[in-house]
Amino acid sequence: MNLSPIDRVDCLIIGAGPAGLTAAIYLARFRRTIMIVDNGFSRASLIPASHNCPGFPEGVSGTQLLHLLRKQAEHFNVSVETGEVTALKRTGNAFEATTAGSVESNGASPAVHAATVLLATGTADRIRNIPDWITGIKRGVIRLCPICDAYEAKDQRIAVLSSSAQKGIKHALFLRSYTPALTLILSEATLEEAERRKLRRAHIEVIEDNPRNIRVLGEAKPTITLSDGKELYFDVIYPMLGESPRSALATKLGARCNKEGKLIVDRHQRTTVPALYAAGDVVDELNQISVAVGHAALAATDIHNRLDRSRT
């Protein structure tokens, strides 16, 4: 739907990934007026094939899943507006969002007024020193989610890259049950002796080094060049270097987040700002499609009930 600056919707959804589109479907079926704005950078679009997404026994790519969700939303007259919400503020008992990238004919940036807002903005992986990493993901030699795809990488030579000892050890131990050939490469982190013993017992090779170069294209296998020039070859690389939740719109309004920047919500997906909700990877460290969809169902239902209560 195309809205003028004076229009007000029941809910503005920011982000059209699995969480945002699911919430839009729910709210449209609740006969709520909604607007969904998306900047076109859903993390889900990077998935070459998910084999643990319920209902797809042969697997489904991220782009295919997003296409199907948009097609389902269209059945209920939901359209996705392309653009970026650059600012969000409270105006009385509503929100006002400033958008960019989708402008009106007079050249002004449209303002959207909404009784409630759902942030489904996701998170961005911190990928350093890996040229062509997106192409590497599509080829299956760079993987971002051990929970999603460790099964597909079983029995292969795997390297885990991490700048955090705690997170690197956690991911390496998880992946160890899938392969006997696992190397943990730690940069900017120092292991304690107890941690070294734990990794030795698990037969995980540990290298403490800041790699000089990582190549995933133009080689027979992904290649990691260490600082001394030594080259290591793997089948799969997991760059577990952290992530950046896209939570700034909420935190600028005073919404609380944890030390990783993930928004803190209650069991109905409410943030600490009244009428502001969040769902998906911007909330939970378990970055899973099924989790995002569940968040969306909870949030959309509570939004609908909240709007009903506000009328009485």
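The model is predicted, so local features are given only at pLDDT of at least 70 and side-chain atom pairs only at 80 or more, while totals for chains, interfaces and linings use all residues. Residues are numbered from 1 along each chain as its sequence is written, and side-chain values use heavy atoms, with hydrogens and water left out.

Strands are DSSP runs of E with at least two residues, and helices runs of H or I with at least four, numbered from the N terminus; two strands pair if DSSP finds at least two bridges between them. Next, select strand 8 (residues 158–162), which pairs with strand 14 over five bridges. Ser162 has Met240 of strand 14 as its bridge partner.

**The helix.** Move to helix 5 (residues 165–176), where Phe174 is found. Phe174 is partly exposed, because its relative accessibility is 35%; buried means under 20%, exposed over 50%, and partly exposed in between (1.4 Å probe, protein chains only).

Finally, select Cys53 and Cys148. Cys53 is in no disulfide, and the nearest cysteine sulfur, that of Cys148, is 9.7 Å away; a disulfide is a pair of cysteine sulfur atoms within 2.5 Å. Cys53 is buried at 9% relative accessible area, whereas Cys148 is partly exposed at 24%.
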